[in-house]
Amino acid sequence: MIIPIQLRRQKFRVREMQTPENFIYLIISLFFICALLQEFWNYLLCETKLKSFILDLPNKRSSHLIPTVRGGGAIFFLFASLSFLILSSQKLLPWYLTTIFTISSLFISFIGFVDDLKGLTAKKRFFCQMFCIVLNSLFFYLYFSNTLAELLILSILVFWFIFSLSLINFYNFADGINGYISLQFIASSISIIIYTYLSIINTSNFVIIFSLIIIPFLGGLILFLRRNVFKKTIFLGDTGSTFLGFFLAIIFLLCSYYLFKDEKQTNYLSPLYILLTWIFFSHIIFLDCATMIIAKLIAKVPLHIPHKLHIYQIVSRKKGFTHLKTTALFFVIQIVLNILFTYLKKHISTFDFFGFIFLYLLLLTIFLIKYHLKSLNFKTEYIS
C-alpha cells in the first residue's frame, strides 16, 4: 500500500491549455476522428464476414423483427479512453485515474463483446462489473482525498458503487428500441455537466475537461445513431449498453468532485444530495427498471423471466409509436425535466430543492410500482 498512500498525499495540480484556439482545434479533430472510427467499425460489422458471427436473431423479448447486427458500441471505450489519455498528457487529470479508467473500460467492453458473441452467465457479468467498479472506487478515493472529509468520501463511493452497478445493468435491460438508451445517455450526461457548470465558480478547467470527455464521444455516437435509428442495420449490444451505463456513472462521479471541490462547506446530507442528483438526471431509465424489479418481487415473478413491460416498450407497442417517435419522446421528457430542475436550483434553497426532487422521485416510484404490478397481473401474455 506504499504507492496509494504516496499518491493520496500528493496534491494534484492542473494546468491550463496553451491557447483557446488549440483547445478548439483539438476538440474538433477528436470529434471527427471518433466519427471516422465508428463509421469504419459500422462497415466492418455490416459489410464484412464479421456480420455472420454477431447477428442477433429476433425472439419473444426482442423489439426488432428482422436479424440485426449487434455490437455497434464495441469501440465506445476507445473514444472515452482517448479523451482521458489526452487529459492526462495535458496534466488535467492524474495519470493513475486515466490508467485505471482505461483498463476498466476496456475490460467491461470486452466482457460485453464476449457476451454478444457467445453469451455469458449473469453471475460472470455481475462479477466483472463489480471488479471494474471496485477498481474505479479505489482510485477515485485517492482523487477525492484532497477535497473531502474521509466519511463523506466513503459515503459517496458506497452510493456510487450501488448506483453504478444498477445503472450498468439497467442500461443493458433497456437496450431494446433503436436509439433509446443512446439518446438517454446524451440527455443525462449533457444535463449533469450543465448543472455542475452552473453550480460552480471556477469553470475554466471544468469546461476543458468535460468538453474533451463528451464531445469526441458524441462524434462516434452520432455516426452509430445514423445506422441504428435511420438505417436500422445495427444496435448497441451488451458491449455498448453496459459501457454507456458505466461511462455515465463515471461522468456523474467526476461532476460530483467539482461540485464538492467548489463548495466551502459540506454537511452530512451532501452524499444524499449527490445520490438524488444522479438518480434524477437519469431517472427515466433508472426508475423504470428499478420499479420493475420491485414489482416483480412483490408479485413473486422470477426476476430472470424476460418481458416487454417497460414503459418505453408499452408506449411503442400499445400506442403504436415508431422506435424513432418513442426515443424522441422520452429524450425530450428527460431533457425538459432536467432543464426545469436546473433552473429551479438557481431560485430556491439547496434543502428545498433536494426536498422537491426527493418528493418527485418518491411519487414517481410509487406510481411506477403500481403500474408495473398492474402490467404483471393483467398482461401476463407479454411475459415470455
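This is a predicted model: local features need pLDDT of at least 70, side-chain atom pairs count only at pLDDT 80 or more; totals for chains, interfaces and linings use all residues.

Let me begin with a question: does Cys132 count as buried or exposed? At 1% relative accessibility, Cys132 counts as buried, because the cut-off for that class is under 20%.

The structure holds zero disulfides. Cys132 is accordingly in no disulfide, and the nearest cysteine sulfur, that of Cys128, is 7.1 Å away. A disulfide would require the two sulfur atoms to be within 2.5 Å. Cys46 is buried as well, with a relative accessible area of 10%.

Now to the overall picture. The protein has 384 residues, and buried residues make up 52% of them. Its secondary structure consists of 14 helices and three strands. If we take the contacts between residues at least 6 apart in sequence, 80% of them join residues at least 24 apart. The accessible surface comes to about 18300 Å², and carbon and sulfur atoms account for 70% of that area.

How many residues does the largest nonpolar core have? It has 111 residues, and those with the most contacts inside it are Phe185, Phe210, Phe217, Phe247 and Ile251. Helix H9, which covers residues 237-262, supplies the largest share of this core, with 16 residues. Neighbours within four places in sequence aside, Phe217 is in contact with Phe76, Phe79, Ala80, Phe185, Phe243, Leu244 and Phe247. There is also a second, separate core of six residues, and its members include Met292, Ala295, Ile369 and Leu376.

Another buried position deserves a brief mention. Ser270 is found in helix H10, residues 270-280, and at 5% relative accessibility it counts as buried. Apart from neighbours up to four places away in sequence, Ser270 is in contact with Leu152 and Phe260.

I come next to the charged side chains. How many salt bridges are counted here? The count comes to three. Glu39 forms one of them with Arg226, and the closest N and O atoms of that pair are 2.8 Å apart. This pair links distant parts of the chain, since Glu39 is in helix H2 (residues 20-47) and Arg226 is in helix H8 (residues 204-231), 187 residues apart. Glu39 also meets Arg227 in a salt bridge, at 3.5 Å from N to O. Here, too, distant parts of the chain are linked, with Arg227 in helix H8 and Glu39 in helix H2, 188 residues apart. Arg227 and Glu47 likewise meet in a salt bridge, at 3.7 Å from N to O. Arg227 lies in helix H8 and Glu47 in helix H2, so this pair ties together parts that are 180 residues apart in sequence. Taken together, Glu39, Glu47, Arg226 and Arg227 are linked in a network of salt bridges.

How accessible are the members of this network? Arg227 is buried, with a relative accessible area of 8%. Glu39, at 22% relative accessibility, counts as partly exposed. Arg226 counts as partly exposed at 32%, and Glu47 is partly exposed with a relative accessible area of 48%.

Let us move to Leu324, which has its place in helix H13, residues 323-345. At 43% relative accessibility, Leu324 counts as partly exposed. Which residues does Leu324 touch, not counting those up to four places away in sequence? Leu324 touches Val229 and Phe230. Leu324 and Gly179 are 145 residues apart in sequence and 7.4 Å apart in space, from C-alpha to C-alpha.

Finally, the surface. A nonpolar surface patch of about 460 Å² is made by Phe358, Leu359, Leu362, Leu363 and Ile366. Phe358 sits in helix H14, which covers residues 350-378. Phe358 is partly exposed, with a relative accessible area of 48%.

Thank you for your attention.

Technical notes
Residues are numbered from 1 along each chain as its sequence is written. Side-chain values use heavy atoms; hydrogens and water are left out. Buried means under 20% relative accessible area, exposed over 50%, partly exposed in between (1.4 Å probe, protein chains only). Patches are made of residues with over 30% relative accessible area and no salt bridge: like charges are joined within 9 Å, nonpolar side chains (Val, Leu, Ile, Met, Phe, Trp, Tyr) within 5 Å. Accessible areas come from the Shrake-Rupley method with a 1.4 Å probe; for residues, only the protein chains shown count as cover. A salt bridge is a side-chain nitrogen of Lys or Arg within 4 Å of a carboxyl oxygen of Asp or Glu. Helices (H or I, at least four residues) and strands (E, at least two) are DSSP runs, numbered from the N terminus. A nonpolar core is a set of buried Ala, Val, Leu, Ile, Met, Phe, Trp, Tyr and Cys residues joined through side-chain atoms within 4.5 Å. Contact means heavy atoms within 4.5 Å.
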